Amino acid sequence: MNTDEINSARSALLQVAERLRQQATANQVENASRHNQSHQTQPGVSQLTTVQPDANNPPRISSSTAVGNAQVNEHRKLFGYAARGKQPKKGKSFAKQKVQTCSLKFVCLASRSAVKPPTTIKERTMLANAGLGDGTVTFHVDGNSSHLHEKLLEAFPKLFSAGYELFLFDRSGENSSFCHLKPPYLPKKLKEVAGQCKIYIKPLQKDLLDSNDNEDIEDDVGPLISCVVCETMVPMNLIDDHHQSIHDGQPKHKKKRAEPCIYNMLQKGDGGECSRSYEIKDALHNLVPTASHDEIDSALSNACGNADEAAEQLLALQDDENADDLEISTSTSLIMEKLSGNDQMDNSDETNRTLTLEDFRRDNVDESLSRQRFTVSREDGLDELKKDILGCYKSPQVKLRAKLRVKFEGEEGVGSGPVREFLLCAMKIVEDGVEKGGKPLLFFEGEEDHNVPIHDQALRCTGAFRAIGRIIGHSILHEGPVIYGLSPAVVQYWRVTANGIDDDSSLESLPLSMHDIPDIDLRGYINELENLPLDEVTPVELKDALAPYIFESGLDIDMLYRNRNLIIQGLVIYNVIHKRKRELDDIARGMNEVKLHAFIGECLPETLEVIFPISGKRRIAAEHVKDAVTFEESVGHEDTIMLFYQYLCDLEKYETGKPSITDLCCFWTATNNLPPRKSDLLVKFDDGQNLFPFAETCFMSMVLPTVHKSYEDFKKYMDIALNHGSMGLHHS
């Protein structure tokens with residue numbers, strides 16, 4: 001309601017109150033008049049006679065008087081109306097008016113030179129442990145600057161000796177930055193300006209974090225728990241220190257229920273064969289934690305006490321989906337190291353543990369999640385298959401860190417084979433793009449080993465580049481194929497931004513090359529400008545050709561006459577990085593859904609070369625394939641074997657437009673490389689009338705036809721199979 005409506009309602013209520021008061025007064029007058037008439041003396045009776053009231057029969061009040069009084073009382077209850085000077089007394093005083101408050105969200109930063117808010121979990125946790133970070137503070141709305149200052153010091157005591165400034169963070173556009181709020185700092189003013197936004201607090205005189213913040217130990221050390229080794233009661237937050245100092249770091253992870261008694265028996269000094277038996281069982285239990293004690297005893301009994309054979313039996317009992325990732329030779333050597341007392345790991349290896357690709361996979365595959373199911377169809381062709389897969393990776397409900405289970409509609413393949421084929425097809429989307437409207441829709445462009453993401457704002461808005469990042473991270477996490485031939489500048493950009501560095505000086509230090517520019521025309525113009533003598537004026541034709549590129553990159557065209565090197569450097573870094581920055585960042589966000597982007601910032605350069613190898617490493621030598629091949633029945637099939645070897649030599653040439661050994665590996669194993677850990681590639685033979693080979697990717701097996709007698713026929717049908725079947729063409 002506005003002011004006029006309120007005043008109108010108030011006036012109407014006052015008129016009603018006045019009419020009620022007048023009516024009550026009129027009723028009282030009328031009642032008094034009737035009362036006087038009823039008590040007038042009869043004729044001949046003196047009017048001075050006073051009527052004495054009867055105590056047993058008090059005078060009755062007329063009904064009209066009672067009604068009038070009831071109306072007045074009801075009015076007073078409703079409106080609190082009374083004559084001036086006669087306000088009604090109440091038994092209780094009015095409640096004090098509540099003070100109006102407002103709540104503001106703050107983020108207390110640790111550094112005076114902070115240029116952006118904390119974004120990572122590590123940064124937020126570090127601030128929270130130091131008593132900084134996020135917090136909500138409640139103020140009186142009409143409070144002054146001293147009131148606000150006191151409340152902020154209550155929430156963030158470390159500001160007492162440092163002083164502070166308040167900022168808002170502008171996230172719009174690429175030049176996001178802090179915006180300073182000028183004093184005086186009043187709660188009402190800050191609420192009007194910030195609203196629901198966070199207000200960032202920067203210290204003025206000194207940084208608020210120091211080395212002592214990580215060493216402070218609170219008086220409340222937490223609940224006590226029993227050590228699984230010595231059964232000593234230790235505060236829960238100090239249990240790791242207890243294991244390191246007392247037990248040499250051995251029981252860092254929780255042991256199984258029967259192991260404490262094993263350790264206790266060994267500590268008591270029980271020697272001889274009994275102690276040796278416990279050591280073997282303990283080592284086997286550490287090697288195969290899922291094995292029960294009965295299974296360990298049975299394995300040792302069947303192996304006649306041989307630890308190596310028992311380990312092989314126990315590993316064979318594990319899930320077949322995990323058994324491929326275990327190496328028996330390494331396992332048995334670990335047992336012997338355990339028994340010989342050499343079970344302590346090198347400190348440097350422990351320090352660099354997170355820098356290896358194997359540890360990245362182990363730490364980020366979530367075993368607790370149910371398997372992520374992918375159901376796709378390739379019955380409608382390769383293009384539809386790619387679209388189905390890309391749609392899967394665009395869905396935010398897909399659990400990338402869970403293990404995969406892939407089903408191709410209309411096919412009976414199960415196990416790791418369909419998984420490898422699925423990841424291979426997904427990576428083909430990254431490298432080759434998809435078909436859209438009869439035209440190829442690419443995600444990367446450029447020369448070999450200088451590929452960069454294309455710049456396409458409309459495509460980026462569909463979430464395609466984030467999906468590409470998810471494909472790359474998902475494939476690397478689950479040991480699928482990798483992407484070859486990226487520009488070193490792109491890889492280093494992801495490495496730099498993973499460490500939170502995104503300033504111009506860092507970007508200018510990237511290993512940029514003229515070959516990283518996909519635009520051939522621009523590259524030619526830059527080469528012409530670079531080769532121009534310093535004392536020669538830039539030709540008008542060259543200036544006109546470069547003008548659109550210079551304006552697009554935001555450079556000053558007059559620099560052509562003053563500093564050509566600056567123009568060249570600006571054009572290169574803009575067309576390689578700045579122009580594609582949003583696409584690069586979207587891919588990085590997609591990769592980081594499995595923590596790959598963060599891992600890129602921490603891993604060793606050698607590991608980075610494994611994740612993003614150059615194109616030259618895609619080429620596989622024929623001799624490497626021959627070393628990995630095992631023939632099921634070589635006797636009687638010598639001619640077909642010779643044809644196969646001759647075909648390998650042709651594939652090794654990697655001729656443009658023709659199949660290669662990489663295509664053979666894709667057809668054979670559903671990966672674009674030889675299988676890891678020296679696994680055998682099995683070759684079988686079909687003595688029937690089939691003309692084409694066919695593959696069983698689950699078992700890394702390929703069946704060759706023996707019907708061909710000439711190399712030309714053998715090569716013809718092998719080429720057809722590799723050209724169409726290396727992407728998973730189903731042969732029924």
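**View 1. Gln 372 in strand E8 (residues 372-376).** Strands, labelled E and at least two residues long, and helices, labelled H or I and at least four residues long, are DSSP runs numbered from the N terminus. The model is predicted, so that local features need pLDDT of at least 70 and side-chain atom pairs count only at pLDDT 80 or more, whereas totals for chains, interfaces and linings use all residues. Residues are numbered from 1 along each chain as its sequence is written, and side-chain values use heavy atoms, with hydrogens and water left out. Gln 372 counts as buried because its relative accessibility is 11%, the term meaning under 20% relative accessible area (1.4 Å probe, protein chains only). A polar atom of the Gln 372 side chain lies 2.9 Å from the backbone nitrogen of Lys 399. Not counting residues up to four places away in sequence, Gln 372 touches (heavy atoms within 4.5 Å) several residues, including Gln 397, Val 398, Lys 399 and Arg 405.

**View 2. Phe 422 in the largest nonpolar core.** This core, a set of buried Ala, Val, Leu, Ile, Met, Phe, Trp, Tyr and Cys residues joined through side-chain atoms within 4.5 Å, has 82 residues, and those with the most contacts inside it are Phe 422, Trp 494, Leu 596 and Phe 612. Leaving aside neighbours within four places in sequence, Phe 422 is in contact with Phe 374, Val 376, Ile 389, Tyr 393, Leu 404, Val 406 and Phe 408.

**View 3. The second, separate core.** Among the 29 residues of this core are Ala 622, Leu 651, Val 683 and Leu 704.

Definitions and conventions. Buried < 20%, exposed > 50% of the residue type's maximum accessible area, 1.4 Å probe, protein only. Polar contact = N/O pair within 3.5 Å; in protein donor to acceptor, adjacent residues only side chain to side chain.
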